[in-house]
Amino acid sequence: MLESFYLTGWGAFGMMLFMLVPFMAVFFYVVISKSYGDSSPSKAPQSSFVKMERAWIGLVIVVFVAVNIASIDFMPTTATAKAMASGEKLTEVSFTAESWSYDITETKIEVGKPIRFSGKSLDTMHGFAVYHPDGKVLFTMMLMPGLEGPTSLVHTFKDAGTYTVRCLEYCGNSHHEMRDELVVVAAGS
Amino acid sequence: MLAATKILQRLPFFNRMFGVDAEDGLQEINSWPALMIASSFIWLAVAGLLGVAMPLIQRFDLGSELFYMALTAHGAALAFPFSFQLMAGISLHRAGGCVGKPITGVLPALIFICMNLGAALLTVAILLGFSVSLVVMYPLPVVGVANGQWSFNTLVLGFTGIALVLTMMIYLYPVQLLKMMFFGKKREDLILSERTLDDPGMLGMVIAALVLIVMGTPLMIIASYVLVALYGIIPLDVVAWATKPVVFQFAFFTFAHNLMEAMALMVISGIYATLPLYLADGTRELYSKRLANAALWILLITSFSSFFHHFITLLPNLPASLAYHGNIMSWGTGIGAALSIFTILATIWKHGLRKEPGIMIALMGFVIYVMDGASALVTSNVAWSFQLHGTMWQSGHTMTVLIAMSMMWIGVLYHHYPVLTGRTLSAKQGNWFMVLFTAGALGAGLVMLAGGAAGMPRRFADWAQGGWAVYGDLILVTGLLMAVGLIILAANFMKSRKLDEVPGSASAPEAAE
């Protein structure tokens, strides 16, 4: 469950709503009731405001810390470390990006094998975003020209199919045409 | 009569909206701010038309080059000559009335000229094909010349425009603000509502001005070197260090990120100053100055280095430790926002609120600002960043923060309008603007964030490619809602009535100052 929360755009959208919806409910209640309703001063003692203030700050800190600590397990660095620790050999896939195409060393990939994607840009800023066949973004990488080392991360594909690679860093008038494909096949095929 | 007053008098339509009263004795704090505000709305009209045009260009398949041109011009017009200039105009007027210092002389004229001339030059360059997006995407401007997308002269023109805009934002405007805060003789005849730096409404302005200068200086140095080399004054190889993408990108985003945070500090201080004036029991006090100031300081401290979140997906070229640092500091800004939320709600709950359109517009802007904040926190998380970076989520975030801050400023403008122009606005039309613009902005923001969650790329001329056209249609519909709201606002400005023609105008908000 946490995986679909932290590793999908919709999980992110859900988190955003989790923060936004209660805020809006309370905000509109307070503003409407104290302006269009009874706008007389509150009779609540100052001590109750102070208690509320402390509870609110405490709640925010707890939620913020919990969300970010739990996310550590889903950071690409963690996935890379896990793949390295497993002892399984990493399959290396290198690529270069240049306006407006990719040159990828291997586009046929097996399900279940950890792949290390390493890429460089040869001219301007480019992206390397891999889309699942269902349209979901699996991961995106930023490629900045002129850097010594490549941008790199490890990913293990779970489903066979044709994955689309798109550039997500605006790179000029044919930016939207900069794409490629990865074919992920069942293990052993 | 000040030059700004004369220029305003010659501006068709906008003279009727923002023309100042040359005889009221307040020309020295009104004229230049009013001219900046008028100009900002001209740029908003440009940005709005282009914003509506983008989905239409895609829907009617009018070509990718036109789309990217509209995209670049829309972003540039919305962010700088509209949003920033609106803030500059209102905040300078506010500062003048709070510390009793005039906004006259060469500096305000330069502020106005640099922003508008710079934005105009950049717009001309964009029309000549310089489609580099709002954030320039360096080294794209140079690469675009190399692969024939635009000419070298267009690049020089575009960079000259950007340099003028940056000069205004990083030096001229902050220096004018700091000059008024700390130097010069106070004039009692210009004081509308005296405030000191102990007031959160003033503290935020000073902090924001300092942030702009400090965080913008590295970019100014690099951009100046590059520009001087482009003019051929010094050889390009002398500035090789400055033209490296990693140097330019980090300097750019250190500034660009903190520019947004400075604008947030500025507008939150505006809300802190304005909200107490509309409390139902007349106390004119925030729930807690201590909490309000703490929110500003937390926002300041955490925002400095949270810019690393722009480069999270550069892994491992951005070390994981810095990526996570950017993550944590970004969520730290959320703590500051949480304190602001509590301060505002507790103030309203404790003292009640008068339902005037100005403060309601500002508060609805604050709601949109919080939505943007939530979206920013999420995309700053390292794990989510790898799903969201480069998608429409980021465009939604950028557009929402600009719209939210501008809406809060429009609310504050509503409050200052009678003093600025000697005229008063219609409450009914103000409420209609508030409802339509809030609905449109919330809708557009949510649609763009949802598009990003669905993988829709930002700055992308082919939404049909991944089945994202429906999001484009919804962006158009919500954008039109905002446009109708803005037309009503413009009509409200046009039909504003002189204070002495309106019965009971002595009780108008400005009189409470």
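**Entry 1: one residue in chain B**

In which helix of chain B is the place of B:M215? I began with this residue, keeping in mind that the model is predicted, and I found B:M215 in helix α8, which covers residues 200-230 of chain B.

**Entry 2: two helices of chain B**

I turned next to helix α13 (residues 357-380) and helix α16 (residues 427-453) of chain B, which pack with their axes 9 Å apart and at an angle of about 5°. Angles under 35 degrees count as roughly parallel, and α13(B) and α16(B) are therefore roughly parallel to each other. On the side of α13(B) I listed the residues that make the contact, among them B:P357, B:M360, B:I361 and B:D372, and on the side of α16(B) they include B:A427, B:G430, B:F433 and B:L449. Sorted by class, this contact of α13(B) with α16(B) has 12 nonpolar, five polar and one charged residues.

**Entry 3: chain B as a whole**

Stepping back, I recorded 17 helices and two strands for chain B. Its radius of gyration is 22 Å, close to the 24 Å that the globule rule gives for 513 residues, so I wrote down chain B as being as compact as a globular protein of that length. The C-alpha trace of chain B spans about 65 × 45 × 45 Å along its principal axes. Of the 513 residues in chain B, buried ones make up 64%. I also looked at the contacts in chain B between residues at least 6 apart in sequence, and 82% of these join residues at least 24 apart.

**Entry 4: chain A as a whole**

Taken along the principal axes, the C-alpha atoms of chain A fill a box of roughly 70 × 45 × 35 Å.

The domain assignment of chain A gives domain 1 as 2-74 and domain 2 as 79-185, and I noted that the centres of these two domains, taken over C-alpha atoms, are separated by 37 Å. Buried residues account for 34% of the 189 residues of chain A. Among its contacts between residues at least 6 apart in sequence, 64% join residues at least 24 apart.

**Entry 5: where the chains meet**

How many residues of chain A are in contact with chain B? I found 68 residues of chain A in contact with 76 residues of chain B. The elements of chain A that each supply at least two residues to its side include α2 (9-35), α3 (46-71) and β6 (137-143), and the largest share, 16 residues, comes from α2(A). By class, I noted 40 nonpolar, 22 polar and six charged residues on the side of chain A that touches chain B.

Note on methods. Residues are numbered from 1 along each chain as its sequence is written. Chains are lettered from A and ligands numbered from 1 in the order in which they are written. This is a predicted model: local features need pLDDT of at least 70, side-chain atom pairs count only at pLDDT 80 or more; totals for chains, interfaces and linings use all residues. Helices (H or I, at least four residues) and strands (E, at least two) are DSSP runs, numbered from the N terminus. The radius of gyration is taken over C-alpha atoms; the globule rule is 2.2 Å times the number of residues to the power 0.38. A residue is buried if 20 or more other C-beta atoms lie within 10 Å of its own, exposed if 12 or fewer, and partly exposed in between; C-beta atoms are placed from the backbone. Two residues are in contact if their C-beta atoms, placed from the backbone, lie within 7 Å. Ala, Val, Leu, Ile, Met, Phe, Trp, Tyr, Cys and Pro count as nonpolar, Asp, Glu, Lys and Arg as charged, and the others, Gly among them, as polar. Domain bounds come from an automatic or database domain assignment. Axes are lines fitted to C-alpha atoms, for helices over the stretch in contact, and angles run from 0 to 180 degrees between N-to-C directions. Angles under 35 degrees count as roughly parallel, over 145 as roughly antiparallel, 65 to 115 as roughly perpendicular and the rest as oblique.
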